[in-house]
Amino acid sequence: MIARLPVDPVARRRLALLSMAATLFVAGMVAAPWLASRSGWGVALHVAYRPMCHQMPERCFDLGAGPLAVCARCIGLYVGGLVGLWWPVMTGRVPRLGLRALLLAAAPSVVDFAFGAAGLPSLTNLPRALVALPLGLVLGLLLAQGLAEILRPGRPNRHAEDSVQ
């Protein structure tokens, strides 16, 4: 059974603001090809996302205007992470996850990556994105778990205590 901890209402609102920013970040990945066909902003977005992804066109989803700014695996990670980040905002509770959940969620992506590294046939884009979703979800939940604690009002400032001594 996974413990579900309540999120402080103030921390929840602050987490909602961070989640909105993350939503814009992920939306940019999807909007980049459409913007590239209409302005220079799409090209700028592709360049901005380049350090985070190889952006090989054959491994990216194409929704009609060209390849997304990140590959299918990355979009699965980011969308999963976004769901995990929004989860405590929407439910008011954050699951307390640990290393076991992270390892279980990472297993499908590790197996997929290992198969590719061994020269075996790789997955197509949709399965590759779906395999990455659980890892992204758990990473997003872990991030939300930490942020909910950091953003909680009245949280003791350990640095202030260190400077007094």
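1. Let's start with the nonpolar surface patch: Val79, Val83, Trp87 and Leu137 make up about 320 Å² of it. Patches are built from residues with over 30% relative accessible area and no salt bridge, joining like charges within 9 Å and nonpolar side chains (Val, Leu, Ile, Met, Phe, Trp, Tyr) within 5 Å. A salt bridge here means a side-chain nitrogen of Lys or Arg within 4 Å of a carboxyl oxygen of Asp or Glu. Areas come from the Shrake-Rupley method with a 1.4 Å probe, and for residues only the protein chains shown count as cover.

2. Before going on, please keep in mind that this is a predicted model, in which local features need pLDDT of at least 70 and side-chain atom pairs count only at pLDDT 80 or more, while totals for chains, interfaces and linings use all residues. Numbering starts from 1 along each chain as its sequence is written, and side-chain values use heavy atoms, with hydrogens and water left out.

3. Which helix gives the most to the nonpolar patch? That is helix H3 (residues 72-91), with 3 residues. Helices (H or I, at least four residues) and strands (E, at least two) are DSSP runs, numbered from the N terminus. Val83 lies in H3 and counts as partly exposed because its relative accessibility is 41%. On this scale, buried is under 20% relative accessible area, exposed is over 50%, and partly exposed is in between (1.4 Å probe, protein chains only).

4. Trp87 also belongs to helix H3, and its 42% relative accessibility makes it partly exposed. Beyond its neighbours within four places in sequence, Trp87 is in contact (heavy atoms within 4.5 Å) with Gly92, Arg93, Pro95 and Leu141. Trp87 and Leu141 are 54 residues apart along the chain, yet their C-alpha atoms are separated by 7.3 Å.

5. Now to Ser19, in helix H1 (residues 9-36). Is Ser19 buried or exposed? With 0% relative accessibility, Ser19 is buried. The Ser19 side chain reaches the backbone oxygen of Leu85 at 3.5 Å. Setting aside neighbours within four places in sequence, the contacts of Ser19 are Leu82, Leu85, Trp86 and Val89.

6. Gln55 has a positive phi of about 60°, although it is not a glycine. It counts as buried because its relative accessibility is 13%.

7. Finally, the whole chain. The protein chain has 6 helices and 2 strands, running β-α-α-α-β-α-α-α from the N terminus on. Its C-alpha atoms fill a box of roughly 55 × 40 × 35 Å along the principal axes. Of its 165 residues, 34% count as buried. Among contacts with a separation of 6 or more, 73% come from residues 24 or more positions apart. The accessible surface of the protein chain is about 9900 Å², and 70% of that belongs to carbon and sulfur atoms.

Methods
A polar contact is a pair of N or O atoms within 3.5 Å; within protein, one must be able to donate a hydrogen and the other to accept it, and residues adjacent in sequence count only if both atoms are side-chain atoms.
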